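Subject: Handing over the model, with notes

Dear colleague,

Please find below the structure that I am passing on to you.

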Amino acid sequence: SSSGNGGNINLRALNGSVTTDRIDTNISVGTGSNFGSSAGNINIQAQDVRTGDVLSYANGFNLGGLMNFSGNAGNGGTIDITATRGNINSARLLSDSRSDLSSGNGGNVNLNLPTGNGGNVNLNSPNGSITLPIINTQSGDNINFINRSAGIGGNINVNAGNLFLASSTVFGLYSIFTRGGAGDGAIDIIHGGSTTVPFLVGNA
């Protein structure tokens, strides 16, 4: 059997701000579900944006036994956030396509389960700053980062008129993670920092 796709979420406040807790359009496919379902897209546009976790990932997982029979993850959704005048302050942004590698109640673990493509993340704050802990658009699993059955990592585009800060890490290694078995996603960061405010990688 297969699960349906996650629904889309669109929030607009062109003359005000958007403040939310967690936003979740993820889709999880369990044991015996052979056809991947995709997460829903998330679009937020306001003068100023503050959110909790924004979750648009696709997850294939195992309920127990042989991992070879686990669900295949579909595509991660697209996350678009625009703050037209102020800042973007968010918790985690996850639009990855992943397989949770756990053999459940014993059994074999297949390290090359099919996953879809990671979703794209687009952040635009032309007059402000963008602050968050991590962005993850990977296609793969939580153990084997070079999964040959994985898709392409999602692209990340960041445009901050002032500063951009990603302050935490994915798997204790990366603040921005776009790795995919069939190709990595591109990362494009534009920020308004000058020569007196350098852009530093690995020193958040």
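Predicted model: local features only at pLDDT ≥ 70, side-chain atom pairs only at ≥ 80, totals over all residues.

Residues are numbered from 1 along each chain as its sequence is written, and side-chain values use heavy atoms, with hydrogens and water left out.

The overall picture

The chain has 18 strands and zero helices, where strands (E, at least two residues) and helices (H or I, at least four) are DSSP runs numbered from the N terminus. Of the 204 residues in the chain, 44% are buried; buried means under 20% relative accessible area, exposed means over 50%, and partly exposed is in between, with a 1.4 Å probe and protein chains only. The chain exposes about 9300 Å², of which carbon and sulfur atoms supply 46%, the areas coming from the Shrake-Rupley method with a 1.4 Å probe and, for residues, with only the protein chains shown counting as cover. Among contacts (heavy atoms within 4.5 Å) with a separation of 6 or more, 78% are between residues 24 or more positions apart.

The parallel sheet

Strands of a sheet pair through backbone hydrogen bonds, either parallel or antiparallel. Here an open sheet of five strands runs in the order β2-β5-β9-β13-β17 with parallel pairing, two strands being counted as paired if DSSP finds at least two bridges between them. The edges are β2 (23–24) and β17 (176–177), each with a single partner strand, so one side of each is left without a neighbour in the sheet. Within this sheet, β5 and β9 pair in the parallel sense over two bridges, and V54 has L93 in β9 as its bridge partner.

The nonpolar cores

In soluble globular proteins, nonpolar side chains tend to be buried together. A nonpolar core is taken here as a set of buried Ala, Val, Leu, Ile, Met, Phe, Trp, Tyr and Cys residues joined through side-chain atoms within 4.5 Å. The largest one has 24 residues, and those that touch the most other members are I81, L93, L123, I130, L132 and F164. At least two residues of this core come from each of β1 (9–19), β4, β7 (79–83), β11 (121–125), β12 (130–132), β15 (156–160) and β16 (164–166), with β4 giving the largest share, four residues. Leaving aside residues up to four places away in sequence, L93 touches V54, I79, I81, V121, L123, L132, I134, I135 and N136. A second, separate core of six residues includes L55, L94, I134 and F177.

The salt bridges

How many salt bridges does the count come to? The count is three, a salt bridge being a side-chain nitrogen of Lys or Arg within 4 Å of a carboxyl oxygen of Asp or Glu.

- D24 and R22 form one of them, with the closest N and O atoms 4.0 Å apart; D24 is partly exposed at 32% relative accessible area, whereas R22 is exposed at 55%.
- R92 and D53 form another, with the closest N and O atoms 2.8 Å apart. R92 lies in the loop between β8 (88–89) and β9 (93–94) and D53 in the loop between β4 (42–50) and β5 (54–55), so the pair ties together parts that are 39 residues apart in sequence. R92 is partly exposed at 34%, while D53 is buried at 18%.
- R98 and D96 also meet in a salt bridge, at 2.6 Å from N to O, and R98 is buried at 18% relative accessibility.

D96 lies in the loop between β9 and β10 (97–99) and is buried, with a relative accessible area of 1%. Beyond four places in sequence, D96 touches Y57, A58, G76, G118, N136, T137 and Q138, and its C-alpha atom is separated by 8.3 Å from that of N59, 37 residues apart along the chain.

S56 is found in the loop between β5 and β6 (58–60) and is buried, with a relative accessible area of 0%. The side chains of S56 and T25 are joined by a polar contact of 3.3 Å; such a contact is a pair of N or O atoms within 3.5 Å, where within protein one must be able to donate a hydrogen and the other to accept it, and residues adjacent in sequence count only if both atoms are side-chain atoms. Again leaving out residues up to four places away in sequence, the residues that S56 touches include N26, A39, G40, I42 and L94.

With best wishes
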